[in-house]
Amino acid sequence: MTNSIYGVGLPDSWIDASSFGAVYEYCNVNVDDGSGGTEHRFELDLAIDTHRSTIDILNDMLITFGGFLSVSGEKIKLHVEKANDSAVQVFDMDNIINSSFTYAKPSKDDMPNRILVQYVDPDQEWVKIKVQAEDKLDQDNREDLLLGR
């Protein structure tokens, strides 16, 4: 991220090296490969399309290991979601200030009847797959209502 030719060219002072190092250590641990051997927990082998935006390329990298970035003060920190991480804070009505929390259920008009999901499939050489789920009956009913049928 700090290299001006092969990266983004960010100043070193913006990067929280300890968080990047901790994620490196987590990803570099050898784990069972399911075939009697071991492999690194996560390893990245990526061809970069330079015509894509920096944020898209970075997101492609982060998604391969459940990584995400945060900004704290003037530092960019790298984190990884771990399978056995526990919640930092659990909220319930006992620890929420009275009258400070509200919620509402969406109306039928605000409920989606078509969802498009995109994910990276490791079984298909890490290609992005798009899947769509639709509620055709609801779509038809809404169309009938709009057209006054």
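This is a predicted model: local features need pLDDT of at least 70, side-chain atom pairs count only at pLDDT 80 or more; totals for chains, interfaces and linings use all residues.

Trainee: Which residues make up the largest nonpolar core?

Mentor: The general idea is that nonpolar side chains tend to be buried together in soluble globular proteins. Here the largest such core has eight residues: Val23, Tyr26, Cys27, Leu58, Leu62, Phe65, Leu78 and Val80.

Trainee: Which elements each supply at least two residues of this core?

Mentor: They are α1 (17-28), α2 (54-63) and β4 (75-80). The largest share, three residues, is that of α1.

Trainee: What does cysteine 27 touch, if residues up to four places away in sequence are not counted?

Mentor: Cysteine 27 touches His40, Arg41, Phe42 and Phe65. Of these, Phe65 is itself listed in the core.

Trainee: How should I read α1 as a helix, and which of its residues are buried?

Mentor: One may begin with the span. With 12 residues, α1 reaches 16 Å from its first C-alpha to its last, close to the 16 Å expected at 1.5 Å a residue. Its buried residues are Ser19, Val23, Tyr26 and Cys27. These cover an arc of only 95° around the axis, so they lie on the same side of α1. The exposed residues Ala17 and Ser18 are carried by the face turned away from that buried side. The cover over the buried residues of α1 includes β2 (38-40) and β4.

Trainee: What do the buried residues of α2 pack against?

Mentor: In α2 the buried residues are Ile57, Leu58, Asp60 and Leu62, and they pack against β3 (67-72), β4 and β6.

Trainee: In which sense do β5 and β6 pair?

Mentor: Strand β5 (residues 114-121) and strand β6 (residues 127-134) pair in the antiparallel sense, over eight bridges. Glutamine 118 stands opposite lysine 130 in β6. Five residues lie between the strands of this hairpin, in which glutamate 125 takes a positive phi near 60°.

Trainee: Does glutamine 139 count as buried or exposed?

Mentor: The cut-off for buried is under 20% relative accessible area. Glutamine 139, in helix α3 (residues 136-147), has 13% relative accessibility and therefore counts as buried. Neighbours within four places in sequence aside, glutamine 139 is in contact with Asn113, Arg114 and Glu134. Arg114 falls within β5 and Glu134 within β6.

Notes. Residues are numbered from 1 along each chain as its sequence is written. Side-chain values use heavy atoms; hydrogens and water are left out. A nonpolar core is a set of buried Ala, Val, Leu, Ile, Met, Phe, Trp, Tyr and Cys residues joined through side-chain atoms within 4.5 Å. Buried means under 20% relative accessible area, exposed over 50%, partly exposed in between (1.4 Å probe, protein chains only). Helices (H or I, at least four residues) and strands (E, at least two) are DSSP runs, numbered from the N terminus. Contact means heavy atoms within 4.5 Å. Two strands pair if DSSP finds at least two bridges between them. The expected span of a helix is 1.5 Å times one less than its number of residues. The arc is that of the directions from the helix axis to the C-beta atoms.
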